[in-house]
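Open the model in your viewer and keep the selection tool at hand. The tour takes each chain alone, then the place where the chains meet.

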Amino acid sequence: MNHLRIPASPTTPEVEFDFSAHSLAIKGESYPENASAFYQPIIDATRAYLAECGGSAITVNISLGYFNSSSTKLLFSFFEALNNSAADGNHITLNWFYDEDDETILEFGEDIQEDFKSLDFRSQIIELG
Amino acid sequence: MSLDVLSDFKASAQEANVLFYYSGYFSQNVIAAMAETIRSRLAGSDISNTQRKKIFSSFVEMSQNIVHYSADSLTPSEITDGEIRRGSLCIHLSEDGYTLLSTNPIKHSDIERLRERLLPLRDMTLTDIKQAYRAALRQEQNPDTNSKGAGLGFLTIARDASAPLDFYFTPAPDDPTSILFCVKAII
């Protein structure tokens, strides 16, 4: 699969994974009824893609204005998969966009940075509405 | 019901500074629609963005708990998508701050499990809660915990609340065989 594209819905984010360009982006809001059903296929597709990559420069852009607790858990698994791949030799930049009033998302970003040291983590303040 | 009853109801709600009240069946679509109206009500009020986000987050966690765990379900218990379950949710402004109150029927057998999960949170400081949250986030999901979420829901609400979460169990007025589970969070 070269491209994984899921349009945004009121409670799920837009997913735009252009695997051939090594560019992965998740954008919007995330509070699906069943976060596993939404994220597990995305994580599986990413794992399959990462397994085929070696020494690639991969850019991941995450700009989520809100995500619920079960999405948080699944996002954590997603970042874990990225981190394992970065430890194996891919260079992965994670751009973490957050609203400056959002201490929750800022703190979650800090957790990711602390736990997943192989990722090149860059946080950036942005107006997320 | 006469129109007078409705206008009395509206007047009482206004007097109690009720921003939002819903009682009935909850589904993901209902939550999405409520989210829209709650956001616009909050946008018109004089509160900080930070507090607004916390109220919104608690609303989502509480209403998704109803969709996942209320004992009164219109959908078969084994499905995990498109669930419809009954409960109520109220957001009102009190002298302590914005108060969110959710209620839903539960089985007698759920009381202990909920009490065990919620009681320790009442004695925890914000630092303790954040630490427990981080630990729960890193925990492998246990398929036996009967939790469809991540077990992070109550911790998320407790983290956003400005006072310890209040909760109680009371016999349902319309059905004495069922128990109403109520959670109150002040943001």
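Select chain A. For 129 residues, a compact globule would have a radius of gyration near 14 Å, and chain A has 14 Å, which agrees. Keep in mind that this is a predicted model. Along the principal axes, the C-alpha atoms of chain A fill a box of roughly 35 × 25 × 20 Å.

Follow the chain from the N terminus and the elements run β-β-β-α-β-α-β-α-β. Of the 129 residues in chain A, 53% are buried. Take the contacts in chain A between residues at least 6 apart in sequence: 68% of these join residues at least 24 apart.

Are they buried or exposed, or something in between? A:R122 counts as partly exposed, at 43% relative accessibility. A:D120 is also partly exposed, with a relative accessible area of 21%; the cut-off for buried is under 20%.

**Chain B**

Hide chain A and select chain B. There are six helices and five strands here. Read along the sequence, the pattern is α-β-α-α-β-β-α-α-α-β-β. The radius of gyration of chain B is 17 Å, close to the 16 Å that the globule rule gives for 187 residues, so chain B is as compact as a globular protein of that length. Its C-alpha atoms fill a box of roughly 55 × 40 × 30 Å along the principal axes.

In chain B, 44% of the 187 residues count as buried. Among contacts between residues at least 6 apart in sequence, 64% in chain B join residues at least 24 apart.

**Where the chains meet**

Show both chains again, each in its own colour. The size of an interface is often given as the accessible area lost when the parts come together. Between chain A and chain B the buried area is about 2,500 Å², and carbon and sulfur atoms give 44% of that area. Select A:E33, A:S69 and A:K73: together they supply 30% of the area that chain A buries against chain B, more than any other three residues.

Between the chains, 20 residue pairs are in polar contact, with both residues at pLDDT 80 or more.

**Salt bridges between the chains**

Side chains of opposite charge can pair when their charged atoms come close. A search of the whole structure finds 15 salt bridges over all chains, and the count between chain A and chain B is seven.

Start with A:D111 and B:R134. They form a salt bridge whose closest N and O atoms are 2.6 Å apart.

Move on to B:R39 and A:E29, a salt bridge with its closest N and O atoms 3.0 Å apart. B:R39 lies in helix α2 (residues 28–43) of chain B and A:E29 lies in strand β3 (residues 23–30) of chain A, so the pair joins two chains. B:R39 is partly exposed, with a relative accessible area of 35%, whereas A:E29 is buried, at 18%.

The last stop is A:D102 and B:K53. Their salt bridge has its closest N and O atoms 3.5 Å apart. The pair crosses between chains: A:D102 is in the loop between β5 (91–98) and α3 of chain A, and B:K53 is in helix α3 (residues 49–69) of chain B. A:D102 is buried, with a relative accessible area of 5%, and B:K53 counts as partly exposed, at 22%. A:D99, A:D102 and B:K53 are linked in a network of salt bridges.

Notes:
Residues are numbered from 1 along each chain as its sequence is written. Chains are lettered from A and ligands numbered from 1 in the order in which they are written. This is a predicted model: local features need pLDDT of at least 70, side-chain atom pairs count only at pLDDT 80 or more; totals for chains, interfaces and linings use all residues. Side-chain values use heavy atoms; hydrogens and water are left out. Buried area is the accessible area (1.4 Å probe) that two parts lose on being put together, summed over both. A salt bridge is a side-chain nitrogen of Lys or Arg within 4 Å of a carboxyl oxygen of Asp or Glu. A polar contact is a pair of N or O atoms within 3.5 Å; within protein, one must be able to donate a hydrogen and the other to accept it, and residues adjacent in sequence count only if both atoms are side-chain atoms. Helices (H or I, at least four residues) and strands (E, at least two) are DSSP runs, numbered from the N terminus. The radius of gyration is taken over C-alpha atoms; the globule rule is 2.2 Å times the number of residues to the power 0.38. Buried means under 20% relative accessible area, exposed over 50%, partly exposed in between (1.4 Å probe, protein chains only). Contact means heavy atoms within 4.5 Å.
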